[in-house]
Structures are given as structure tokens and as C-alpha cells.
Amino acid sequence: MTKQLDFPNGQIHKDLLLEETDKGLATVLNEHPEIKTLWERRQLYPKPLTINGVNPVLHVMIEGIIENQLQDLTGVQEIYTKLQQEENLTPHAARACIANVFIHEFFKVLAEKTPFDEESFIRRLSLIGTDISSLGRNDRCPCGSGAKFKRCCSSYADAFMVSPLAGRIDLGHGSYFFETPNSGDPLDPIFQLEARYQIAMYMDEQEDLDGAVKVLKENIAQAESYDGGTFLANAWQDYMSFCQNYRQLTGEFVEASDHLLAMTSDEEKRATIIYDKADYFAQNGDMKAAEAEYTSLFSSMPNNYHSRYRFALMLSRHDRYADAIKVLTDLLKMKDIDDQTQEDALFLLETLGEDTTDFNPLF
């Protein structure tokens, strides 16, 4: 998006885009740091750019237009102030509620190739927060146009609804929250962390490896300072899981796994990280490094019997069957082995074609 919407004599620029140096756009991008890298790299992706059904580029562009209107159009300024005072909205949410109405006008101009009707737009803004559910289609429209509601503002009904989270860029969830957090701020960093994760996954789908790595690193930086670092482990785990898929990111993968190991004292979680680390080395052909991870794990957690099963599983996946069988038979001879590990070890041993009668507790 490169040139700004303008309204001299009710006309509108044909390209409907914003300049990179536009003040309104700069303000919005500063409020939405999770979008900055995506915006800068948007030319690399298909158009329209959508992530889980949402176009974040259009989102910031529309909000940038409204930010400019707040400086130039008195009627928009008045509604903006009213929404903050009467609806208790944050400045960002108030501007986004205005944007929800504007986007209807925006697409109408595009579709019908008609001039932007500033007067009609201001009238419609006055209905934000108004309950119009009881209006009949043939009633006079409450915006004051004199037209019937069905021919004026009926299609804007959803846009007139007020939400304290208006303006939140919702690209999906599941990495940082599963249900919307109890937050009244659309710019709460938890929403930015989640959006960035979704953006990184989109970049990965578009084979923009550098972009995805950059965005995931931005999440780590933000998580460090947010809520006492509550979500820092999430950010490092996302980074590690992503790097795990790429051999060329070995250094980044090791860095992430080492950070996660340093952040947890829980033995089960530490063991899982080491399993992933060893598996990564093995799948990339470095069996020596993979075995070293397990050797260290056996030393630091001698009673973690499941780690020996995982070691045997890794060996078998890389065609080292004799070594895997030796690890499994040694494991099954150990005292105090837990039932689940014993069951897993017996099953793997049978899969490798070995007789398990001597080890099977049923015989």
C-alpha cells in the first residue's frame, strides 16, 4: 500500500494506497510492532495477503487513514473523543471502531467508483454504540439522512457495535492463549505475541525463512519484558521448534535448546528438550553429537529409565538395530524400571524381531 487516501472536492486517489512516510501509517505501525516486519516484507507474498482469513496489511492501512482523518476532519475527531469518554474505550479501540465504519465506505468507493462521501460517513459515525436492533427496514434511518433504514445504514449494523478490543489484530491463537485473555487493551502484548507467531508460520509457508526467524526473535525480545517473563519459555520453544525443521539453522536450534534447559529445573521437561536436541543431531547426520546428549542425560538423570528407551528408539530409526537391542535388553534388566517404560521397551524389542519371553512379566 503506497499512496494516501485524499478527499479534495470529494475525490479519491485511484490507487487508494499509503506512502511509506505517511504519518498516520507510522503511528499505527508503532502501535502494532508485531506487523512491522510483515509490512516491510509484504512484497514477497501473494496478494491479497491473508493470514487465517485476516489481511493485517489492510488493517494497518485502514487504521493509518483514520489516524490521518483525526488530524484533518473535525467530525471524526469529535466521535473519537466521544467514544473514549462515553464508551470507556482506549484511544486505539476508539479509532478502530471508526475504522470499522470507514471500511464499508472504502469498499463502496472501490466497487462503485464513486467519490468518498465525507458527510454521509460522519453521519454514520454518530451511530457507533447505538442499539439499532429494533429498527424496521422501512423506518427512517437514525443517522439523519432522511432515507429508509434499509437503503441507508442497515448493512452497517455490525460496524456500529462497540468493543473494547476493537483494533486487535487477531490472526489466530493457540501458542500463547487458547481463550481470549481478560484484557481490555487491544494492544496488550499477549495479542502481539500470538499474532507474531501466526505471522512467522505464514512466512514459513511462503518460504521466507529469514522473515520467520526475525519475527520469532522479536517475540523472544518482547516476551523477556512482558509480565515478568511469563511467556519467555513459550517464545524460546516456538523458536526451537521452528529451527528444528531446518538443517541450516543448527546454531539457532542449539541456542534455543540451551536457553530452555537453563530456564527449567523440571527433570521431565529437561529430558524432553534433550530428546529433541539429540533427535535433531541424528536426523542431520551427526550421530556422535546425538549420542553425547544421551550419555550426558544418563549421567545427570540416572533414574530416568525412559531416556534409555528413547535412546534405543533413536538408534533403531537410524538402522543401528544391534545397538538398539543391546540398550533395550540392558534396560529391561534394570531394577525399579517403571511399568510404562518396560511396556514401551518390550514392544520395541518385539518390533526389532527379538524374543521377549525372558523379560515379559506375563511369563
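1. Let me begin with Arg137, which sits in the loop between helix H6 (118–125) and helix H7 (189–205); helices here are DSSP runs of H or I with at least four residues, numbered from the N terminus. Arg137 counts as exposed because its relative accessibility is 57%, where exposed means over 50% relative accessible area, buried under 20% and partly exposed in between (1.4 Å probe, protein chains only). Together with Arg140, Lys148 and Arg151, Arg137 forms a positive surface patch.

2. A word on the basis: this is a predicted model, in which local features need pLDDT of at least 70 and side-chain atom pairs count only at pLDDT 80 or more, while totals for chains, interfaces and linings use all residues. Residues are numbered from 1 along each chain as its sequence is written, and side-chain values use heavy atoms, leaving out hydrogens and water.

3. There is a patch of negative charge as well, made by Glu350, Glu354, Asp355 and Asp358 on the surface. Patch members have over 30% relative accessible area and no salt bridge, with like charges joined within 9 Å; Lys and Arg count as positive, Asp and Glu as negative, and His and the chain ends are not counted. Asp355 belongs to the segment after helix H15 (339–351) and is exposed, at 60% relative accessibility.

4. How many disulfides does the structure hold? The count is 0, taking a disulfide as two cysteine sulfur atoms within 2.5 Å. Cys141 is in none, and its nearest cysteine sulfur, from Cys153, is 3.5 Å away. Likewise, Cys143 is in no disulfide, with the sulfur of Cys152 nearest at 3.6 Å. Cys141 is buried at a relative accessible area of 5%, and Cys143 is buried at 8%.

5. Salt bridges number 15, by the rule of a Lys or Arg side-chain nitrogen within 4 Å of a carboxyl oxygen of Asp or Glu. One of them pairs Arg196 with Glu218 at 3.4 Å, N to O. Arg196 lies in helix H7 and Glu218 in helix H8 (residues 209–225), so this pair ties together parts 22 residues apart in sequence. Arg196 is buried, with a relative accessible area of 4%.

6. Helix H11 (residues 267–283) deserves a look too. Asp279 forms a salt bridge with Arg310, the closest N and O atoms being 3.0 Å apart. Asp279 lies in helix H11 and Arg310 in helix H13 (residues 305–317), so the pair ties together parts 31 residues apart in sequence. Both Asp279 and Arg310 are buried.

Methods:
Patch = residues over 30% accessible without salt bridge, like charges linked within 9 Å, V, L, I, M, F, W, Y side chains within 5 Å. Areas by Shrake-Rupley, 256 points an atom, 1.4 Å probe, with all protein chains shown as cover. Charge placed at Lys NZ, Arg CZ, Asp CG, Glu CD. Helix = DSSP H or I, 4+ residues; strand = E, 2+ residues; numbered from the N terminus.
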